[in-house]
Structure formats: structure tokens, C-alpha cells
Amino acid sequence: MGFLKFEGTPMTWTEILPHLNAVKALGIRQFLHTYKRLANRPNDDLKWGDEIEYMIVRFNHKERKAQLSIRAEEIWKALQKIQNEMNERYSNRLRANWSPEYARYCLESSPGEPFEGSLEHLAFVEKNMKQRREQIKKMLNEDEMVLSLTGFPRLGCPDCVYTHTTYNQAANPVSHSLFYPDCAISTHPRFPYLTQNIRERRSSKIEINIPIFKDINTMSPFVEIFGDPESDGASKVDHVYMDAMGFGMGTTGLQCTIQASNLDEAKHLYDQLAPICPIMLALSAASPIYKGFLTAIDTRWDVIAASVDDRTAKESSLRTVGLHVFTIRQSRFGAIESYLSPQNKQFNDIDIEIEPETKTTLLNAGVEESLANHIAHLWIRDPLTLFSKQISNMTEERMDYFENIQSTNWQSLRFKPPPPDSDIGWRIEFRPLEAQLTDFENAAYVVFVVLLSRVILANKLDFVIPMSYVIEGMHRAQRNNAVMKEKFYFRRNIKCFEEAENKNETNATNVNTCQFTEMNVNTIINGTEDFPGLISIIHIYLNSVKIETKARSVINTYLNLISKRATGEYLTAAEWKRQFVLHHEEYKHDSVVTDSIAYDLLMRCDQIEKREV
């Protein structure tokens, strides 16, 4: 998760305050140093990789209770040590990279080196994922299991973490949470100070309110009373209330990073993948249960957004001064709000907030306006973590200050400049995917995104729609069973990028809204008589290139999964979990997911991952 380098001791929010302007100014100079050196760097190879986050779960079979195990932290350290010792003996293809996550019960893995442009590599990713999972399994105790779960169903309930912890504010000085124990936060210094500094910047605890799923016996109105004035005042009627960063950042996801051949191609891919984000969020939905309750949502998106929302009360409320409206529209975690390529600027119909001095600096240095707006938009945020030795050791040649702010803007896509002293190029990180139960599913989603990016470039496809439609799609994608129930704005004609290239001077008011229509996910993925569908476009591309028969067969199974998720023949992970609870013999139709129901659900998840069911 994010940028994990540190030098010296971590600083509190009060200690960071005097350095805010200097950190932000040097961060921009670091970006410009890289931009001036590498903006015209040509012909990087297509490379890509995945990142999977896992949870370690402990099962008490006698009491039929599942708990999170904080041993994930020691497991990833042991695995990384083993991998470092393998460096001289094995190919990178057999290795993995391991890193900590926000929670001590989570860890993250990625391939030892990126996959390359060969289509055959797409058929290798699942094997690599399985190897990584097997390495974790070798480190587990008898009563532990590793799950790519997205959300633990009883996170925040008493004894949800396997440790002797008291669940009250006195025991949680970092988060002040009534529910999420500080002992579950990673001991890497970045994470507790990030938690504390977000809370101190906003001058209050985190507030997360998720609508409850109303079943026939659900308390109505649904009201939680905690005996704590701050929490009682923050919780909403008919909502599940949570109060800590861990409720969002303590979930797990699946990311995919793609290296473009140059800067322009990276910006182009970023723009074209933006309208795909809501579709893939809906298709990968996997988290309908929070704090032991069934909720009315299927994804973790808004939960994470609220969990890292550092905005003050003034920043998050709409207020008008003269003719100007001042507000920060969304949390640091959310959908992207602008396109990067100049030919798509007429579709930037959201008036994004920017840091004006930063934009001026970027424009004066020769950065194109759309990209300058994007960076200046990131720079409305403050750095949330800082380490003492960073203050004196930073230079323009490093990227630490830039990454400090870039890595704490968690958006649906991330535009990633080349790191210093590296042959890595300009990249795009695709971030909306929720973790799936099996490596087959995780591989299928990653392969679909990578293949689609290849087809976009090869066939000059154009998916760009007004940005407001993309953001609305991200809201719709979170709703219960959005794959089957919701519609999303999409282009009618996706083969018109050549025409779009000539629209640089088009005013936003001239965007032809007839180019776009609302489609359900099945239409977008599988097509109709009037729209080809993404699956058929990918198959046409695969038919036109050389690919080994065995690899094509594997890829076809992945595309089949995506296709059937879109039709509803295969349920999303979220809908499957919801139906499991609703049909459990102990469920009382009151929206409550008890310890025993959660135990059975997680046991079944483990059996599915092992292909025992």
C-alpha cells in the first residue's frame, strides 16, 4: 500500500504543519525534474503486473468462530527474507515481492518481475498467483487460512482480531475507535501516524455510515447507541456506523499496473480506462457485510473513501464567498475527476479544485494543461506523513516528496511517473477491482484489463465519455447487485478515436450527448445487435494475432468468466456472499451476521479457494 520508504522518526500532524509548503513545493520540483528528463522518452516495452492483498484468518472450530490473525506481519517479513535469499539461485519469474498492508492481518504480493508484452504471459499469471498463495500457506499455523476476501464480515465486532485487546477508546490512542483495535494496525511507522494524522487534521474521528440492508426482521428504524457523544452524534439512522481508518484500509483489493511505451500513450490509456472503472467495480463486487451486518452496498469503495477522509468541516461543506464556491468535493480516496490527454479536455465537465500556484509552476515549465490540472488537483491535499530525516535529505533528483502526496491520493486510476534511477517507464495503475476468492478469478480480471488495454491501443478504440458520467457510474457500481440492476453511461460508437483527435479546440458545450447512452453491464461486456461488446472485440483482436493454442484456451476461460458474470449466470462474489447469509439456517432475517454464520461463510470461502467445493 502506497509509498513505504522512511528515514528517521515519524512526525505528528503538529510537527508536519510548519513544513507543508516546503514539502509540496519540492514535490512539484521533483516531478518536473523527472518530466523534463523523460517526457520524450520513447518506445518502452509493454509490461504489466498485479498486486493481490490477502487476509490471514484463524478458525476456532470448537466454538465455530473465525478471527483475524495479526501474524500476517511476521509472515510477510519471513517470506521476503526467503525471497531475498533466492535472488541468486532462481529466476525472477519464480519469485515474488512481499510487502505490508495497513492491517497486521493483511499482506500484499506481486510478481518478482513484471510480465511482458507476449500474449502467452497472460496465461502464466494464474500460475504465478497460485505459487504466491502456496508460499503463504507454508507459513501458516494449523488453524490459519489465507483468503483473498476483500472484507472480513465481522470486522469491528468484539474479538474480531485474535489477540487480548480491550475495545474502547482508552485502548486505542491512535484511532480513538470504539470498534477497531489499534493492535490490528501495522507496526510499520507510516500506518499508525497516517491514522493519527488524518484524525488530527480533520479534528474528529473518522465517520463512516453505510445503509443497512432492510430485511423483514431488521430493527426499524435501525439505530445504534454507543454511549459515546461523538459516535452517537456521527452515526445515522438506518446506517451501519464505523469510526476508524481500518474499516476501509483494513480491506483487501486487486490492482493491475500497465507500463505504456511513452508519456502520451500512458495518458491515452488512463483516459480510455476511466469509463471502464465503474464496470469492473460492479463486476468484481465482493463486500456486502460490514461490522457484522448485511448492508445495502456490494463494494468497499465508499467505505474506504470515508475511512481516509482528512477534510476539515469547512473543506467538506459547500460554502460561497462572493462569486466563488469553495469546497473539496470528495475524500482523498475516490474516482478520478479529469482526463489527461488534451484531445479529451472537452469531456472534463467537472470543475475540479486545483492548487493555483502549482498549476502556474507546471504550465511555466512546459507541462500541458490537462496534465498540469491533474497534478495541481492532487496538490490541494496536504502530506499526511513525514519522517524527520526527510526534511534535510531531500533533493530534486529524488521523488519522495512527490510520492508522499501522490501515494495518498487513492483514486480509481493512478498516473505513475518513472521512478528515479530505474528503467521503469510511464505507467497506469488500475485500482477499482475487489479481491476475488480464487486465483483463477483474480487472474481473469487482471487478464481482461490488460487485454482490453492492448485492444484499445491496437484498434484505436475510444471509450471517453463526459467525466460526470464516469463519476456517476462509480456511485451506481456500489449498489446491491449493480451488474444486474444498474445501467452505466457508455459510448455508442467506440471506433472513432481518429475523429476525436481533431477535437482539441471543441468547447465542452458542444459535446454531442447522443454519442452516449445508458447500457447494462451485459450489453457493455457481451454486446447486442447494436453494440459489439468488449468480449467480442477482444476475441476479434486475438484472432488477428499469433498466440499459442494452449495460451488462447486459458485466456478463453477467463473471458468466459467475465462474460457469465455480466449475464448473471455466475454471481458476483458479493451477491454469492449475500445469498449465503440469507439462506443460512441460523439467519433470522434481521440483517445480523453472527459469529457462527460468518464462520460457515469463511469456511466455505476457503473450501472454494481449495476447490473442495
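Leaving aside residues up to four places away in sequence, Asn344 touches Asp271, Gln272, Tyr339 and Val464. Touching here is contact, meaning heavy atoms within 4.5 Å. This is a predicted model, where local features need pLDDT of at least 70, side-chain atom pairs count only at pLDDT 80 or more, and totals for chains, interfaces and linings use all residues. Residues are numbered from 1 along each chain as its sequence is written, and side-chain values use heavy atoms, with hydrogens and water left out.

Where does Asn344 sit? Its place is the loop between β14 (333-334) and α12 (356-364). Helices (H or I, at least four residues) and strands (E, at least two) are DSSP runs, numbered from the N terminus. Asn344 has 0% relative accessibility, so it counts as buried. Buried means under 20% relative accessible area, exposed over 50%, and partly exposed in between (1.4 Å probe, protein chains only). Asn344 and Ser370 are 26 residues apart in sequence, with their C-alpha atoms 8.9 Å apart in space.

Now take the whole chain. It has 24 helices and 19 strands. Its radius of gyration is 23 Å, close to the 25 Å that the globule rule gives for 613 residues, so the chain is as compact as a globular protein of that length. That radius is taken over C-alpha atoms, and the rule is 2.2 Å times the number of residues to the power 0.38. Of the 613 residues, 61% are buried. Among contacts with a separation of 6 or more, 76% join residues 24 or more positions apart.

In α9 (residues 276-283), 8 of 8 residues are buried. Among them are Ile276, Cys277 and Pro278.

Next, look for empty space. Rolling a probe the size of a water molecule over the atoms shows where such space is left. A cavity is a set of points, on a 1 Å grid over the protein atoms alone, where a 1.4 Å probe fits but cannot get out; lining residues have an atom within 4 Å of a point. Grid points are joined across faces, edges and corners, and a volume is the space filled by probe spheres set on the points. The whole structure has 8 cavities of 30 Å³ or more.

The second largest cavity holds about 70 Å³ of space. Which helix gives the largest share of its lining? Helix α24 (residues 595-609) does, with 3 residues. The lining of this cavity includes Leu601, Leu602 and Lys577.

Technical notes. On a 1 Å grid over the protein atoms alone, a cavity is a set of points where a 1.4 Å probe fits but cannot get out, and a pocket is an open set with protein on both sides within 12 Å along at least five of seven lines; lining residues have an atom within 4 Å of a point.
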